[in-house]
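Hi everyone, thanks for making time this morning. I'd like to walk you through a structure, starting with its surface and then turning to its rings.

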Amino acid sequence: MKKLFSYTFIVAAFFFSCAVLHAAQPKTDVYIGITSVGNKRLPAIGMPAFRYTDDKAQSAAVQVHDVMRADLLFARYFDVTEDGPAFDPQNLSQSLTQWGKARASYLLAGDISYAAPYYTIKIYVYDISTRSPVFAKAFKGTESSLRRLAHIASDQIVSALTGKRGIADTKIAFSNNSTRHKEIYVVDYDGENLQKLTNDRSIAILPRWSKDGRIFYTTYKYKNPDIFAIDLRAGKIAPIIIRGGLSLIGGVSPDGKALAFTSSGGVNPSIYIYNLETHEKKRITNKASVDGSPSYSPDGKYITFVSNRAGNPQIYVMELATGDTRPLTKTFNWSDSPQWSPTGEWIVFTGRESPYHPMDIFLVDLTGTQIRRLTTDAGSNEDPTWSPDGRFIAFTTTRNGKRQLYLMDMDGSAPHLLADLKGCLLYTSDAADELDGV
């Protein structure tokens, strides 16, 4: 969706609508099983059914097991096998031997118990080659928290076994018009646990995560495009920038202390930095052009943004300390929505190469010499955003005849439906880990 280039066009874009889509269908596990990388086989985790103490804990044991299995498969660091004997803690050595014969490198076992209103989930991981425990932890929560506890356990296992961060406890924020108003929603990385966060009954778009778990977004709640913040911990929504004219949120600084946003305070829409502590605004672009869609680099020293200063909208990068600015793209008919990768190596953006092409997702490196197409011949693909580990990209697409939320690897492979939701998906956000206590 072309969100920036002329004030009139921005307002029109806010009122973009589509036919109401079919209601979400029941979902199965969202994962892609990979058994090897090149010629190297992934280590296998043996995962017998989790043990439970009573009938009340039985369904919880099945749910937690299935969620963790899907999480670990999706992470692509392991294969997961259930083809082995039940776990017997009284005969641990025998269990490890049997799972070793099944070619498992690790054994993941779980015990679930229930004492109203809390479930206790005990998770154990054993290294079969050394016959020693490498992970043991208990999690406690109510029935409504079982899925999240399973996601947290999965991420901690990934970290313990690989030293890398997991993304199972990640949420994606987006705007959706299923209520006939544009509102902000969040959904788990696997398309489950959909939550509606706003009730502005207006136009709420462009959600952007902060490190402290807040979501900043632009809303017409007060009949003007202003910036508000959703505090997930406190359950409160508060205005941040209320003023005449345009305020389009772009990105939040890595330290969570500043916002980059587009404002119409000058002759043309330009990019400003807003200090959340001092409430000061600083204009950082001042060209006879339309500049917008700013996104911070992971170190906070640069921003990437879109500008039509050389003609058609292209992707630019600016060093904040000096103001030095250079283009990363030059030949696109249209470019939009750049987002800096968490690793700092790539910028993902929406673009099209001619007026006759649909919008697609591309990567560009920081020199501008490498541009990689991630989508092709599959509808209109827009609004890309990174997973916190930089390995996956969420985006919206019309490849099935209606706008849906998809997820793909950062090289464009393995695209798959993340959530089939009622209404039209308008904008995705930066993906971010949900914080403890939210």
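So, the protein chain exposes about 18,800 Å², and carbon and sulfur atoms supply 49% of that area; accessible areas here come from the Shrake-Rupley method with a 1.4 Å probe, and for residues only the protein chains shown count as cover. Before I go on, please keep in mind that this is a predicted model, where local features need pLDDT of at least 70 and side-chain atom pairs count only at pLDDT 80 or more, while totals for chains, interfaces and linings use all residues. Residues are numbered from 1 along each chain as its sequence is written, and side-chain values use heavy atoms, with hydrogens and water left out.

How much of the chain is buried? Of its 438 residues, 54% count as buried, meaning under 20% relative accessible area, with exposed being over 50% and partly exposed in between (1.4 Å probe, protein chains only).

The chain has 4 helices and 33 strands; these are DSSP runs numbered from the N terminus, with helices being H or I of at least four residues and strands E of at least two. Let's look at helix α2, residues 55-75. With 21 residues at 1.5 Å a residue, α2 should span 30 Å, and its end C-alpha atoms are 31 Å apart, which agrees; the expected span is 1.5 Å times one less than the number of residues. Just after α2, Arg-76 takes a positive phi of about 70 degrees.

Now the aromatics. The whole structure holds 15 aromatic pairs, counting rings of Phe, Tyr and Trp (its six-membered ring) whose centres lie within 6.5 Å; planes under 30 degrees apart are stacked, over 60 edge-to-face and the rest tilted. One of them joins Tyr-222 and Phe-228 edge-to-face, at 5.5 Å centre to centre with 70 degrees between the planes. Tyr-222 is partly exposed at 47% relative accessibility, whereas Phe-228 is buried at 2%.

Tyr-302 and Trp-340 make a tilted pair, because their planes meet at 40 degrees, with the centres 6.4 Å apart. That pair links distant parts of the chain, from Tyr-302 in strand β21 to Trp-340 in strand β24, 38 residues apart. Tyr-302 is partly exposed at 30%, and Trp-340 is buried at 8%.

And which residues form one aromatic cluster? Those are Phe-74, Tyr-189 and Phe-392.

Thanks, everyone, and I'm happy to take questions.
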